Each structure stands twice: as structure tokens, then as C-alpha cells.
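Morning, everyone. Please have the structure open while I talk.

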Amino acid sequence: MLLGPAVLFGASSAASSGTEAYLIRGATVHTMAGRDIENGSVLIRDGKIVGVGKNLSAPKDVKVIEAKGLQVYPGMIDAGTEIGLVEVNAVRETQDMNEIGRFNPQLVALTAVNPSSEHIPVTRVNGITSVATMPQGQLISGQVSLIHLDGWTTDEMGIKARAALHMRMPFLQIGGGRRFVPDDEPGGGSIGGSNYSEARRNFEKQVADLNDFFESARRYKLAKQAHAPDFREDLKLDSMIPVIDGIEPILVTAIREREIRDAIAFADSQKVKIILCEAPEAYKVIREIKAHDIPVILGPVFALPMDEDDPYDRAFTTAADLDKAGIRFAFASLSGGASLASRNLPYQAAQAVAFGLPHDDALKALTRNAAEIWGVANQIGTIEEGKLADLIVTDGDPLESRTQVRNVFIRGKLVDLNNRQKELYEKYLNRP
Amino acid sequence: MKSYLTLALFFVSPLLAADAPVLIQNANILTVTKGTVKGSILLENGKIAAIADKVPAPAGAVIVDASGKYVMPGIIDCHSHIMIEAVNEGSVSVSSMVGISDVLNPEDIAIYRALAGGVTTANILHGSANAIGGKTLVMKLRWGKSAEEMKFQGAMPGIKFALGENPKRAGNVTGPGAQAGGRYPATRMGVEDVIREAFNDATVYKASWDAYTAKVARGETAIPPARDLRLEPLVEVLEGKRLVHAHCYRQDEILMLLRIADDYGFKIRTLQHVLEGYKVAKEIAAHGAGASTFSDWWAYKMEAQDAIPYNAAIMVRKGVLVSLNSDDGELMRHLDKEAAKTMKYGGLSETEALSLITINPAKQLMIDNRVGSLEVGKDADVLLYDGHPLSNLSKVLKVWIDGHEYFDRDRDLQERNSREISKKALIEKQTSEQKRQSPPAGPITRAQGGPSL
């Protein structure tokens, strides 16, 4: 087992005591903020990066990690997942992504993140140090939270509790005999219909209700500002204020070309800031996405083409298409069962490289771009002085499966690389 | 509409004529069973004719320069549900009378997509709704040919078994199965019982036929027993003429099935998924069962909770014949990448990792005399990569099956334009015919009063 220094220093999963200091020495440092530094060092103190360069000397109190021949990268960021919100996909009791109702801007993912979830240690050993974890559902499902994959409590894990409002763009769906479910039942407000006109009617109702909801939020804000005598606080509408003010972005899940176009039109008409999410057909709307400078959190690269007659590599090349157009994008594991795929995020990026995305741009998408899109680039995403020390030490390219991650730092703390899967491995490998 | 487009794709496939010999030169040839050769490989008359540093080009040979590129055997997926129109006959717990052969769709685009990911042979199985499912088939992905022509001639037929959560789900009295009558079994105990009852019946049925054939052999007058299409495949299992591929997860159910097999005197050929195989690798190896698992799937259901990505490596180390399978039309396209993970999780060597998707599944399906490695005399099922197949940054460039080129990335890229043109023409034709037959009912546009956003 290549636990190496992690074992040496007896790291625990405890949060930083605030006095830990490390010098990683002799590595190739991929800062993602300029050139790689050969034979470089990174000095970490009190959770932050306090030095990056060629010939940093080791202060007396630091623990030195000799990393000759090794690589240092910023910790990778899964820009969209369900980590912490689900343990076993098929077991309802372990799911906390889907709330009842169509308009839930007051719900915050971080509230339900389970810091003891086994998905956390299993994912971070592959070099993923933070994720955007998101509620799922119809229309407005809640607040996406950006979290670190380490911490005793949700408070310690949280980077940004309200990073974006997650919204599912309404779409026309004609399901095989699906009935319309009343709003207050599970899956309520389902957009499907048993025939075209019913589906169309339902779709139009979703759109109208969505616009009404934003309109209500605007009126609510005015009433609040005016200190109207009959003003009563409303948690839902209150959560909408930063959104309608254009401060907090909306993460809009939009699958088909039409949904993407609708999302852009919606952002225009409502004058809100959006981030496109999943967007497998973003390649069809490149010009408009670029013109509106909308970032994209791209769904799985390992995905089947949407249509039977799409090229076999359609999902493999979308990242390269966005990159070529200069659209900012990040990778996300997303979709059903995402948390079990999160650890494979770098391999999804690798597939995009195999099909045309420049290698450096893939690494950027996994680190810097994700931090920028989530509005936390001042804290994470690159190896620069003053940033949180979220970084990984590897024996090779993190995009390759055979590469081993030797050390993971989260907020300057060397995290435990053990997990239940490794324990089961050791236990049963040694079964007599 | 869809079928029009499929046909269009179908017709641009190369016309099938006798294939010229193919000489791939300057390649890194990963034979899997005989090390790596830097040099040439010759495909002739459907077989691998030569592998050496230098191979003279036969007259009329197509020369492929593979400088800096890699060649490996076609990938074999031991568990797939592509190219079938029906997966589960879920109304009964023992559905051994049904067969994959009856539901094959040779135009399933999943075939081409899997081919583009390097898969040349696949074990096509029923789903896992029933303790005893249907009759399985091994297929070669000869895209463009008929279902019959895709069958792997000479491969042993198989049968699907399933244990655990899936077969008991239909019997769940509180679940959706309740509406369907809550069919037996609803527990792992019941799953064992269903299989034992079926083999009891099969044993009696076999005895009736044995008695009949003995009488006939002795020249006595005898009335043949009534044929039982449900029990016939199980008799073939008892006689070792049909391979059992059993879907399973937990160690208890794995051992349960091995005990049944021992009691009735047959073998389990492969344990499929077998996510807790690492816990009972010793017992699996002792029985002689193969294990076909996922690289790293877990957490999707309760019985996958103890799944670990080290499963394949532990089982390999404990002497089990292991393969990696897809069970999924998407995963099927990157089994090479799945194999690479076993180097990370458990430290398998490159050759061991590649074996998991080539020679090992070939052995499990008992077709290793034909496929699974690059050896002279074997079927010319060959992949050309632009880099090492175990690198996540590499991709498949060409795929040959029986020496015929079924996939070529360059050709695929070139044909995209013409495909787009024929697609547009077909759509236009359809639209104009619709217009002629009925008043306009075209797509909704904003101008026609679509919702404003």
C-alpha cells in the first residue's frame, strides 16, 4: 500500500488544529496559475499556502514531505454531485436529494450532508478535495453547496452553503401514459402528460408558474425594502433575493438544445445570472452560450449519445467543443448514482482529452475553472500564496488510472487516505 | 423515423467482399499471452497468420502503418444486454424456456458503439429478475450482418441465473411486485428453494429420458416422455452442455449456489457481478467457477454496499479466473479503462489487467482456442489504438473481426457529413409527405404562441 507519509505522520481525519505546517519539497508543482515549477516546493501553514517556489527553505517547525519525482496539483473539484446527500441509491431512507414540491429555494444541501458518509473518504483518495453537492428535483430544488471532503461537522466542511440555486428547466415531455401528479404529491408537478396537448399544457403551466414565482420574489423584495406594514417574512421568497439581484447564480439543468435555449432566454428576461448544468447538447448552442458568457458544468463524458444517429463519440467531444469556443466549463459526475462516480471524475476528463481536449485544459477544468465558476477562485483551484491548501501529491498524471495519489491536503491538513473499502481489502486479502 | 435513420447508417457500412490480407506494421503488439512484440501482425483468411519483428507482405495486402501505436486482441464482454428486444420474462421465477436467440436485434446501434470501444465478442444474457432466467448466447459484433451471422459459432450455449435482491424483488409483498401477485420467491431462502426445486424436476425429467433411451437402445418398445422446454436447458446444465452464468452479490448467496451445484453435480461456469467474491475467493477457486465483475461500481443498492474496487485483484491473487464486464451499453465502450483501474486498486500488472477483458473472459466462455489473445491461428479479432490501451488518454482507431475491418475511426469521421446529408433528405421527404397528407401540424414555434420565457 502506498500510504507513505500519510501513515508516517499519523494523520487523522480531524480538522486542522491550526498549527500544522508542511513543506512539500522537490516536486513538479502544477500551480494551474502559470507555468509548472520543476523541483518546486510548497509551504503550508495554518491551512493556507504560504509559499510556492523553487528554493524554499524549511522553517524549523514544519514537517517536510520529500516529493522528488512526484507531482503536486491543486485538489480536484467535482462541480456537481450528490455526495453526502445519498448513501445507497436504492434505499430511500438514505436519500436526501429530492424534496416534495416544485419551489424550494429555501432548502440548502449542506443541511443534509452527512459528514460520516463513506462516499467522502472513498472519493478524496482519488484526489478530489471539494465538490458542489446539489439537491435534485422539478423546477427549483434548493441551494447547491460547495463543500470540502473533510471535516468533523457540516460546518467545517462547508465552503459556500448557498453557491447557487438549482433549477431544472421545464421541458416538454410526453411520457407513456404518465399521469399528471398534483403539486403536493411526491414527484408533484410532473411535466409529463399522457398525450401531446396535455404535455404541452403542463409544460406551459410550469413556465408560467416559474415566471410567477420570480415575479412574486420581486414584489416580496420591494415590500421588504419598503418595510410595508403587513410584510411577513417568507423563507422561500427571501432565499430568492440574492438570485433576482443577480448576486447568486442559478444552476440550470438543461438537457436538450431547446431547454438550453430556453434557459438563456429565461436568464435574459429575468436578468439573472445562470450556470448551465449537464447540458449534453451545449455543442448545438455554442454561439449563444459564448455570446452570453455563460459557464457550463458539463455532465458525464462517459455518456451515450442522446440520439440514435448521433456520432458514437458525441459525449466525448463536447468538452473540446466548448474549450475551443472559449467557453468556461468544469466537469461534474452528476446524474443518478453520481456519488459513486465522483471518484472517477479525472478519468471522465481523460476521455475528453483522448477525443481532442488539450491536457492542460482538462486539468484546469478540474481545478481552476470549477473554482471560478463556483465563485471561490479566491480560496481554491490553484496553488498560489494565500489560498487554502487544497492540494494533492501524486506519482503521475492524475488523469491516468494507474497513478497513485500519495497525499491529499484539505485546508492544509494531511487527510486520512484510509477508507472502508481499503479496510475490507486488507482484511480479506489476508483471510486465511 | 428511427428505422429510416438506422437503415441509412446501415447502408454506408462497407460492402462485404472477401477481405484482402491486412498487415499491421511497426506496432507495439500486446499479445496478452505471449508478451509484447514490436513488429508486425498479419491477418489473413479471417485468422492471425503471423506475428513477428518482420512479416513479408502477401500480394494485395492492405498495409497499416502502426508506428507509435498499439495492437491488442478484441475485447470480450462477459455480460451484456445489448442487441436484445426483451430482457426479462419476469412472470415466472424459472424461465429457462426462453432464449436470447429469439429477441436479437442486429441493428441495435449499441453494437456499433461497443465496437468503437473495442468490443468484438459479447456474452448476451437475460436480465436478473428470475432465479433461473433464459438461454444466453455468445455473439461477435459483426456490425451490418444478420443476427444469425453474428452468432459465435462453436461457442457453448449458456443460461442465466440470478440471486439476491433482483429475483426476490418481484416477490416483495410491500413493493410493486405485490400488485403483480407477489410471485415467489421474496427472500434469499426462497431463491435457493426455487433453484433446488427446478433441479429436482430436471433430475426426474432427465431420468425419464435416460430410461427411455436405455429402452430404445435395448430394442424395447418405448414411448418417449413429453418434452419439457423449461427443463431441457437444465438437463443440459446437468450434462455439462450448457454453461451457468449466475448473477450474484453477497458471499452467502455465492456459497449457497456453489452448494446447490455440488449437490446436483454440475458446475457454475461464471459468477456474474459477484461483488463480494473477494470474501469467498478461496471457495470460488475451489469450485472452479470464474468470476466476472465490475471494476468499481458500488453503493447503488444495499447488496453492493461492501463492493470494493479491489475485488478483481483479490480474486486474481487467490486463484480465481476473473474478468471485467459491463452489463451496460455505455460502460461497454470503455472496458479498457475499467481494466486499467485494477492496476491502481490491488496492483495488477499490465498483462493481468488486459487479461481481465481478453483471454480470461474467453476462457470463461470456453472460446479461448479461438479468441482472447493474439496468437497465430486464432481468429483475427484485433484492435488498433493510438496509444497504450491501458492509458485513459488513448482511443481505439480500428477494429477487425475475423480479419474484416468493422470499425475505422477515420472512416467514421469522414462519413458523418454524408450521413447528415442523407438524414436531412429523409427528414425533408417525410415532412413533405406529411404536409401532403394532412394540414400543417409542425413543431411549435414561438410565433405560433409558444410560452414566453
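**Chain A: fold and contacts**

In chain A, take the contacts with a separation of 6 or more: 68% of them are between residues 24 or more positions apart. Keep in mind that this is a predicted model.

Now the inventory. Chain A has 13 helices and 18 strands. It has 432 residues, and 52% of them count as buried.

On to an open sheet in chain A. It has 8 strands, in the order β6-β7-β8-β9-β12-β13-β14-β15, and the pairing is mixed. Which strands stand at the edges? They are β6 (76–81) and β15 (329–331) of chain A. Each has a single partner strand, so one side of each has no neighbour in the sheet. On average, neighbouring strands here are turned by 25° against each other, direction ignored.

A quick reminder: strands of a sheet pair through backbone hydrogen bonds, either parallel or antiparallel. Zoom in on one pair. β13 (residues 274–278) and β14 (residues 296–298) of chain A run parallel, joined by 3 bridges. Within that pair, C277(A) has I297(A) in β14(A) as its bridge partner.

Then there is a helix to find. α11 (residues 359–366) of chain A lies across β6 and β15 of chain A. Its direction is at about 80° to β15(A).

**Between the chains**

Now the contact between chains A and B. It takes 40 residues from chain B and 39 residues from chain A. On the chain B side, α1 (2–11), α2 (109–116), α10 (335–344) and α13 (409–437) of chain B each supply at least two residues. Which element gives the most to that side? α10(B) does, with 5 residues. The chain B side has 21 nonpolar, 7 polar and 12 charged residues.

First up is a cis peptide bond, from Y184(B) to P185(B), with omega near 5°. P185(B) is in the loop between α4 (165–169) and α5 (188–217) of chain B.

Next is A279(A). This residue is not a glycine, yet its phi is positive, about 40°. A279(A) is in the loop between β13 and α7 (286–291) of chain A. Is A279(A) buried or exposed? A279(A) has 29 other C-beta atoms within 10 Å, so it is buried. The cut-off for buried is 20 or more.

N26(B) is in strand β1 (residues 22–30) of chain B. N26(B) has 13 C-beta neighbours inside 10 Å, so it counts as partly exposed. Exposed would need 12 or fewer.

That's my tour. Questions, please.

Terms used:
Residues are numbered from 1 along each chain as its sequence is written. Chains are lettered from A and ligands numbered from 1 in the order in which they are written. This is a predicted model: local features need pLDDT of at least 70, side-chain atom pairs count only at pLDDT 80 or more; totals for chains, interfaces and linings use all residues. Two residues are in contact if their C-beta atoms, placed from the backbone, lie within 7 Å. Helices (H or I, at least four residues) and strands (E, at least two) are DSSP runs, numbered from the N terminus. Ala, Val, Leu, Ile, Met, Phe, Trp, Tyr, Cys and Pro count as nonpolar, Asp, Glu, Lys and Arg as charged, and the others, Gly among them, as polar. Two strands pair if DSSP finds at least two bridges between them. Axes are lines fitted to C-alpha atoms, for helices over the stretch in contact, and angles run from 0 to 180 degrees between N-to-C directions.
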